Amino acid sequence: MTLEECYAACNGDYLSARSRLMGEALVSRFLLMFLDDTSYRTLLEGMEKKDVDMAFLGAHTLKGVCQNLSLRGLYEPTYQITEALRSKDMESAKLLLPDVQSAYEDTIGAIQSYKKYIEVDG
Amino acid sequence: MGEDTTQKILIVDDSPMNRMILIEMLGEDYSIIEAEDGLSAIEKLQENSKIDLILLDIMMPKMDGFETLERLNQLHLIDHIPVIMISAENSPEIIEKAYTLGAIDYITRPFDVRVVRLRVNATLALFENQKQLLTRLQAKDRLEKRKIPVKGLMVEDEFYENADQRLRHYFEDNSIASPVLIAMHNDYFKLLSEWSGASVSDQYLETVGNCLLKVKETKNALVGYFGLDNFVVMMEEDWDSIHGLIRDIKESLEAIRIELGFTPAYGIYRAIREDVDLAPVAMYDRALLALEKSMNNYMTRYAVYDPRESVNIEQDIKMLNRLEYAFKNKEFHFYIQPKCDMISGKIIGGEALVRWNSKNDGLIYPGVFIPVLEKNGFITRIDTYVWEEVCKWQRRWMDKGRISLPVSVNVSLTDVYAINVPEYFKELIEKHNIPANLVDIEISESAYVKGGNLIRETINRLKEYGFRVFLDNFGSGYSSLNLLRDINVDVIKIDARSLDLKAGNSEDRRGIGILETMVNLAKQMSLPVVVQGVEEAEQVRYLTQMGCRYAQGFYFFRSMVVDEYEEKIKVEEDIDTKREQVVEKDSYRIQEFFTDHIYNDLMLNHLFGSVVEMELYQDELKILKASDTYYLMVGCNDRNDPYYRVSRKHIHPADWQPILQSFKKAFEQRYNGSVIDFRFIKKDGDIINFHAKIFASYAKDARKYFYACVENVNHYYTINSGAAVFDGGGNFDYFRGLN
């Protein structure tokens, strides 16, 4: 899966990322870094512990990362949950979480495929 | 910036991913220190004194960005370090809070590599400048603690302490007249010492210092010296004395042959009773703000601080938000103002000017938004946008198979600090495949004065790439051969507005004199001149007589949208593809005529007839001086005879009003003067018909001074016909005086 295909698979905006980051190289590097990003885990942990502040911080950071990488597919639900958590609305956040989870899995899945592709092709 | 002095940036963000992104963007040019929260940021700052810039995330666990900012302020850790806030939040309240807490800029996610680099570069460059200035001032101050130009001037601490006392008296006692604080300084001073040597600049400081001591003595003023050429005065608000001081400094500097452009500019702050909480330091800052305004005006050397124009952060933020929005919505456009050949009337090119056409507020003038833009590096985004739009348009015009004319664009000092301007232009013309000679680059004299070597290098590189460089606003501060020798430009632009060359302006003659000097300097350097701000027919007349050929201004064309400009230049006969040329001398200028040839008095009399110098005061005209031929002509044997000294006696009463009118006209049309015919009554009762050309010389208080060439025209008049007034253009406008 090429970089462009990877973006298509997770409903990201490839052109915007490439233009802002001035070329493929940075987009690719940041995308791979995203695999190690901990903000998603912070969000889940906060939700589990019913710690609104922690969940909010995780969601907020995740949202920022999505924005920087133009990962629109994941950005949308993350944005929703961030706003719910900002107003300390745990109930709505719980309802929104599955959307975030499924978008996150799509995104990570696509990035994994991309990673394999470049590792094989060098 | 040298090799081993890489600037350090502290990135404070809890997300490693976000830190990595910024490091990728900035790591090549700067050395980066990371902190994952506010506390560790404080530690890093405490152990590392040499951090140049902080990028601070707002949303962080434990201590958020705002709290961190407050703590850093309390600890005085960021007194001299700029902080840029970063966040995905773009609500005005949050942005406002950031600015209120002292952030210098605000970058929102998602990051654009160019924007991040640009804003970081611009902020660092601006601070670098300030830091250098500060260290220079401090170093100089330390060095020169003993070296105050003249004894009796106070240094900063002492001055402020005394000023504070005076202000307190003023606030407590309603009968005390309000004081003013006057800051004086001239950016060009450093050129004076560079070019003329330390002894001249020492003499300068001593002279100004002595003038201040006089007001200390006579007006009980507080006078101080803050290093370099920064002087300060606090005195009672008495405008006669203030003007007197300014005049005294000017004249004293002239007396030691220091040119007008080096005389200080003045910023005046008027204390009011509401200022009770305002420290003298803050008043000095405000006086400096006013000073900045007067710096670039040759004619008015002082400006008074106007609180309405003060930097209002709240408004700035609102404006900034609107600008961001406007930029995204493509509300900025470029207009073109044609430049033309005044003699043929043909267009030779244009200047691209930015206009903000707001969907909500209509056309907003650059004066409103440019100052806000310049403060935060945003200006470069607009500038580069205009540069590219101009290149695109030139390409489209070429593609239509039309003849191309150059369009000039403006480059500011902020641009030069923020990006590599020559490379940027080179890439632009390569990208759009247009020749470099279709994009001219205008850089202002003040940018050159403030930017020094960096500007010089930029100009040289641009020229290397084939661009023509215009020195914009030449003479706005200091005009001299030195400046032109020092800077390698192709064309000089002079702004007529900065010389107040309006008809009827009492400073007119001085303005014209300065203009003429500048035009001559340019000629000596073989540099073509474009005069901008040409607004009146009268200006065109004397500009062409002076040997100026090219003009820009609404007398010829106003700035217009691109479509309209295209209409103007699509007809081949209306344009001239020759670039600005130096005007060759093809006629003698009168002064040269006299220096190159030796004329005797008789020949001069033949040329001019009789010359008379007069004073008009309260309806009475006195002859001050006249040539021999004049006395001969009127049949006067005794020059002290009051009959010949006071005109009321020897001018026909019916011609008196027309004569007064013609004197008035001479003041209105200072360059062309006025012409009048009148009757002179000789002592023996005979009448001579005179034809006179009258020119205004100057006015002092209620007295006006004139000179005139007078000629006997009896042979034209067979009968007594009354007076006739001509306007300067030679139209006969008869005032038949006989009823």
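Select helix α2 of chain B, residues 38-47, where the buried residues are B:Gly38, B:Ala41 and B:Leu45. Seen down the axis of α2(B), these residues fall within an arc of 50°, so they line one face of the helix. The arc is that of the directions from the helix axis to the C-beta atoms. Buried means 20 or more other C-beta atoms within 10 Å of the residue's own, exposed 12 or fewer, and partly exposed in between, with C-beta atoms placed from the backbone. Helices (H or I, at least four residues) and strands (E, at least two) are DSSP runs, numbered from the N terminus.

This is a predicted model: local features need pLDDT of at least 70, side-chain atom pairs count only at pLDDT 80 or more, and totals for chains, interfaces and linings use all residues. Residues are numbered from 1 along each chain as its sequence is written, and chains are lettered from A and ligands numbered from 1 in the order in which they are written.

Turn to the face of α2(B) away from its buried side: the exposed residues there are B:Glu43, B:Gln46 and B:Glu47.

Next, show the open sheet of five strands in chain B, ordered β7-β8-β6-β9-β10 with mixed pairing. At its edges stand β7 (222-225) and β10 (302-304) of chain B, each with a single partner strand, so one side of each lacks a neighbour in the sheet. Strands pair if DSSP finds at least two bridges between them. β7(B) pairs with β8 (residues 231-236) of chain B in the antiparallel sense over four bridges; select B:Gly224 to find B:Val232 of β8(B) opposite.
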